[in-house]
Each structure stands twice: as C-alpha cells, then as structure tokens.
Amino acid sequence: MTVMATRTGLGWEHGIDDVPSAVALSGGLCVVAGAAGGVRLLDAATGQLQGRIVLPGGVYRAGFSPDGTVVALAGPTGYALWRVTDGALLMRTPGLPARFAWSAGNRCAVSFGGAVRVYAGDTGTESWRAVDGPVQVDDVVWVDSVGGLAVALGGEVHMYGPRGRTNVWTYPIPVRVLAGAPDGAWLCAAGDAPGVHIRGAGGTHEDLGAVGGAPVTGLALDCGGHRLAAEDSAGLTVWDLAARGGRVRPRPRRLPAQPHACVPSWRPGGGGLMATSGGDGMLVVWDVRAGSARKAPTPLARRHVSAPVTALAWHGRDALLFADRTGRVGAQWFREIGSR
C-alpha cells in the first residue's frame, strides 16, 4: 500500500493504491474503502493510518454505526462488519451483491439477493431475518419511530419487525430505492418511472412529479427529514418536505450539478447545506434555502481538486472529506460557511 499523509494549506492528503469507492466519518475516525476491496481506517484530524482490512471482491458502500464503534461494508460479492475500536472482524459473508442500513439502535440490516438479515452491531450476531426466499430485494431502510424495517421487493414496500411482516405499502410504480425520515414521518420511494412517491405514517401520501423525464436513481434526506434530494441522469432536484396541514408542500429546486455525480451529502445538524461533487473535479456546497422555487440556487462555495471525485462526506460542519480517482484522499475546509 502506498502511504502519503501530508498537511496542505486547508487540510491533509492521504494516498492509497486503489480507486476509492466510499468514505465515511465518525468522531475522530474516517474509513476509506476501495473498489478492489481494501479498507483503511484513518485519523480524521491528521490522515494517519490506524488500521486496514480487505473485503474480497471489492467495496462500494461503507458506513459507521451510530455509536461509531463498527463499520459496515458492502460490495458486489459480499459484506462484513468491522469493529474499529479493537480491529476485530465481527463477520464476513461472501456471495451476492449487498446493501446495508443502520438503525438508531445500532442494528445493521443487510440485504443480498432475496434475503434481509438483521445483525447486532456490537457482536455481529444475527438477530432476525426479515426476508429469506426466492425474491429480489431492491432496498432497505429503517423506520426508527416504529422500530421497523422497510423493504422494497416485488414492486411494493413491506414493513417488518422481529416477529414478521407488519404492513404493506403499495406504490404506483415498482420501487427500487427508498429513503426514510428519521422521525418516521415520511417514507420516500422511487423506481422505474420518473418522480418520487411519498407515504406518511398516518396514511397521508403525496406524489412529487418529475422535473425531468428520467427515473430517479438515488434519494437522500437531510437529518431532519425536511429536504429531499432526488438524483437522476440530468442532475439533482431538491424538494422541501415541510408538512403543513398534514400534506407535503413540494418546492422543486433543480441544481445544475454534474450528472452521475457522487451521492449528494447533507451537512450534519441540518441548516439546508448540501455538498456535491463529480467528474468535473469540483467540490461544491449549496445553500438550498436561498432563492426561489423556480430558480436553481447558486453555489455557496467551491473547491477544485485535480481529479474526478469518487466519494464525499462531511467532516464536521465546515469541511469535506473527499476521495478521487487517482487514490488521493483529502480534507478541504470551507471557513466561509462555518457560521451558516
């Protein structure tokens, strides 16, 4: 492994001999996963290497548990749970492409093929199975307010608990991607047709018409569940999900972001700031509160890096951790946004 950790004018840089595919931060640690399966644990303040493991077959998703003690990894041929506090590999399962979702209570739901398994985050032991059969699971998301797990399969969304299925939510389209509000107020879904469809825990619903004509491929809610970013081949559309009178009042805002950019990242703690990046080598911070619903917002801050960005995450409230296609991992500070 090539190691290069140096201080720069605004942050630090660290080099790896892989193409980074995912980055995540928690407290004073950050994890960088590569397309070839190498996973590095770094000190978030200095970029120094703290530990590493390998997930054979590659990694395309990585995420810390809410308490910051365990990292979930998922890739095209399996998944793993890595306890970073002592370096223990709690479990590693080879097989089909996988996805995962952490609950607020440190439970990790992993979907692969036609199965969804729930693991205890502290031990990596299996707690219960939501689905295990000849079906295709497209996505999973926790609805922590009711202690359930929403699973998209067969074109519908099924809610599960430890004792089995508790509810089925039907949508007018085959559902492929999900996003859930932290308070359980809304469950957002998108699929084979343009647009986003929202269902409320109290039975309310709203269909957000597409700004473009392409199906939505990614959904990202901010930490308060008030703003939704929907990604399609033409860029990002931001929806205001502030509830008034029991219904959603959508305010579409399309950002002139790079198509096929990394998944947009909302700033922790709310405030309406979102970061994007992509093939143009730009890190961009947007304030989606400013301007009108009919006019795309202008960037609040920009930073240019030397190669296309492949992964992005917030480092506190005024800095971004990024990884680019050359294997460089760095932190860039945005002092001009710290007070917003």
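The largest cavity has a volume of about 80 Å³. The structure, a predicted model, holds one cavity of 30 Å³ or more. A cavity here is a set of points, on a 1 Å grid over the protein atoms alone, where a 1.4 Å probe fits but cannot get out. Grid points are joined across faces, edges and corners, and the volume is the space filled by probe spheres set on the points. Lining residues have an atom within 4 Å of a point. The largest cavity is lined by 14 residues, of which A210, V211, V216, D232 and T237 are the closest to its centre. Strand 24 (227-232) and strand 25 (235-240) are the elements that give two or more residues to this lining. By class, the lining of the largest cavity holds eight nonpolar, four polar and two charged residues. Ala, Val, Leu, Ile, Met, Phe, Trp, Tyr, Cys and Pro count as nonpolar, Asp, Glu, Lys and Arg as charged, and the others, Gly among them, as polar.

Residues are numbered from 1 along each chain as its sequence is written, and side-chain values use heavy atoms, with hydrogens and water left out. In this predicted model, local features need pLDDT of at least 70 and side-chain atom pairs count only at pLDDT 80 or more, whereas totals for chains, interfaces and linings use all residues.

Strands are DSSP runs (E, at least two residues), numbered from the N terminus. Two strands pair if DSSP finds at least two bridges between them. Strand 13 and strand 14 are joined in the antiparallel sense over five bridges.

Y119 belongs to strand 13 (residues 115-120). The residue facing Y119 in strand 14 is E126. Y119 counts as buried, because its relative accessibility is 4%. Buried means under 20% relative accessible area, exposed over 50%, and partly exposed in between (1.4 Å probe, protein chains only). Leaving aside residues up to four places away in sequence, the contacts of Y119 include Y79, L81, M91, N106, R107 and C108. V110, G124, T125, E126 and S127 are also among the residues that Y119 touches. Contact means heavy atoms within 4.5 Å. D144 lies 25 residues from Y119 in sequence, and the two C-alpha atoms are 15 Å apart.

N106, one of the contacts of Y119, is found in the loop between strand 11 (98-102) and strand 12 (107-112). N106 counts as buried, because its relative accessibility is 14%. Phi of N106 is near 65°, a positive value in a residue other than glycine. Most residues other than glycine have a negative phi.

A second open sheet has four strands in the order 19-20-21-22, again with antiparallel pairing. Strand 19 (175-180) and strand 22 (205-208) are the edge strands, and each pairs on one side only. Neighbouring strands are turned by 20° against each other on average, direction ignored. Strand 21 (residues 196-200) pairs with strand 22 in the antiparallel sense over four bridges. In this pair, V196 stands opposite L208.

Strand 31 (residues 282-287) is mostly covered, with six of its six residues buried. M282, V284 and W286 point one way from the strand, and L283, V285 and D287 the other way. Strand 31 pairs in the antiparallel sense with strand 30 (residues 273-277) over five bridges. L273 has D287 as its bridge partner. Strand 30 and strand 31 form a hairpin with four residues between them. G281 in the turn has a positive phi of about 75°. Strand 31 also pairs with strand 32 (residues 299-304), in the antiparallel sense and over five bridges. There, M282 stands opposite H304.

P252 sits in the loop between strand 27 (247-248) and strand 28 (253-255). P252 counts as partly exposed, because its relative accessible area is 30%. R294 is 42 residues from P252 along the chain, and their C-alpha atoms are separated by 7.4 Å.

Key
Axes fitted to C-alpha atoms, helices over the stretch in contact; angles between N-to-C directions. 1 Å grid on protein atoms, 1.4 Å probe; cavity = no way out; pocket = protein on both sides within 12 Å on 5 of 7 lines; lining within 4 Å.
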